[in-house]
Every structure is written in structure tokens, then in C-alpha cells.
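Here's a quick question-and-answer tour for someone meeting this structure for the first time. Have a look at it, then read on.

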Amino acid sequence: MRLTRQSNYAIRTLVYCAVNEPGLSRVAEVARAYGISELFLFKLIKPLVETGLLQTVRGRHGGIKLGKPADQITLLDTIRLTEENFALAECFEEGADCPLIGECDLNGALREALGAFFEVLSRHTIADLASKKRSIRERLGLSTTEAVNANEAGDIVNLIPAE
């Protein structure tokens, strides 16, 4: 099983926002840090905002931030949102025409494996992935910049010095 780019970058975006807290993250900076297009990132952010995993702040000094605490966002939350299909084999798909459906133990074994995969993902949070905040900030190029904390209207409230 291989996760899509959407899942990979959705998790990376959430981690970026987590290590940049309490400041706002700008889409252009996130895209640049991960070497992806802003258009791709905007498309990715939309469902994250719709489900409350991210919030947007409009205005001149706007940006994105986590929609809830990082320790309340599991990897499973993100992957279920960004992956379209968890069919590990043809027999998982609706309308499969395998003559062994209902008699084959492969389907049961794969369902058990998928359940274990989901269980592990549910135990890990964005906070876990962002726990090495200083190192991650340096690798993302955030260590020498200042984060901007803005209110809902996008007005600068205060500058947060880098660690």
C-alpha cells in the first residue's frame, strides 16, 4: 500500500503549522519549504479547512493554522480525508467478480491488516510528528524568521521571535 501525494503533503502541512505555532503559516512559505506548487497546496488545504483540521485567516497578514490542537489530530484523521480508496485487492471493490468471494481467506487477512494499519495511525498525532520542533523548524527554514500572529481580521497582534 502506498499513500498518495495528497496524504503526504497534507500531513507535512499540518506539521509545518504545528511547529510554526502560535504564528500563522503562509501557503507560499509552506509550498516553498516542501518544493510543491501553491496551486497543489491550495487544493489540498480546502478539505483540511472544511473538516476543521486547518483554519484560514484572511487579510494582508493572513495565513493558515491548525484548526484544533495538534495532539487532537491523528494521522488517521488526515489519511481518511485524503485517500480515496483503501481497496488492498480487487475483492475489496464493489462489483468484484472473483468466484471465491465469501470463501477466500485472503479478503479476511487483508481486512485484518487494514484494520491494524488504521489502529496504528489512530495512535499517532501531528503533535507526535512535530515533537522535535527546533530541528524541524531549522529544516523548514523557520529558525531565522519571525512568525506573525494575527487576529481573525488579519491584523498583526504581535511578532513571535523564532526559537
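**How the helices sit**

Q: Which residues in helix 2 meet helix 3, and which residues in helix 3 do they meet?
A: Keep in mind that this is a predicted model. On the helix 3 side, the contact is made by Glu38, Leu41, Phe42 and Ile45. By class, the contact holds 7 nonpolar residues, no polar ones and 1 charged one. The partners from helix 2 are Val27, Ala28, Val30 and Ala31.

Q: At what angle do helix 2 and helix 3 pack?
A: Helix 2 covers residues 27-34 and helix 3 covers residues 38-50, with their axes 9 Å apart. The packing angle is about 115°. Angles of 65 to 115 degrees count as roughly perpendicular, so helix 2 is roughly perpendicular to helix 3.

Q: Is the crossing of helix 2 and helix 3 left-handed or right-handed?
A: What counts here is how helix 2 passes helix 3. That crossing is right-handed.

Q: How many residues of helix 1 are buried?
A: Helix 1 spans residues 5-19, which is 15 residues. Among its buried ones are Tyr9, Leu14, Val15 and Cys17. Helix 1 is mostly covered, and the buried count is 11 of 15.

Q: What separates the C-alpha atoms of Val15 and Leu129?
A: Val15 touches Ile126, Leu129, Ala130 and Ile136, leaving aside residues up to four places away in sequence. Val15 and Leu129 are 114 residues apart along the chain, and their C-alpha atoms are separated by 6.7 Å.

Definitions and conventions
Residues are numbered from 1 along each chain as its sequence is written. This is a predicted model: local features need pLDDT of at least 70, side-chain atom pairs count only at pLDDT 80 or more; totals for chains, interfaces and linings use all residues. Side-chain values use heavy atoms; hydrogens and water are left out. Axes are lines fitted to C-alpha atoms, for helices over the stretch in contact, and angles run from 0 to 180 degrees between N-to-C directions. Helices (H or I, at least four residues) and strands (E, at least two) are DSSP runs, numbered from the N terminus. Angles under 35 degrees count as roughly parallel, over 145 as roughly antiparallel, 65 to 115 as roughly perpendicular and the rest as oblique. A crossing is left-handed if the near helix is turned anticlockwise from the far one by less than a right angle, and right-handed if clockwise. Contact means heavy atoms within 4.5 Å. Ala, Val, Leu, Ile, Met, Phe, Trp, Tyr, Cys and Pro count as nonpolar, Asp, Glu, Lys and Arg as charged, and the others, Gly among them, as polar. The expected span of a helix is 1.5 Å times one less than its number of residues. Buried means under 20% relative accessible area, exposed over 50%, partly exposed in between (1.4 Å probe, protein chains only).
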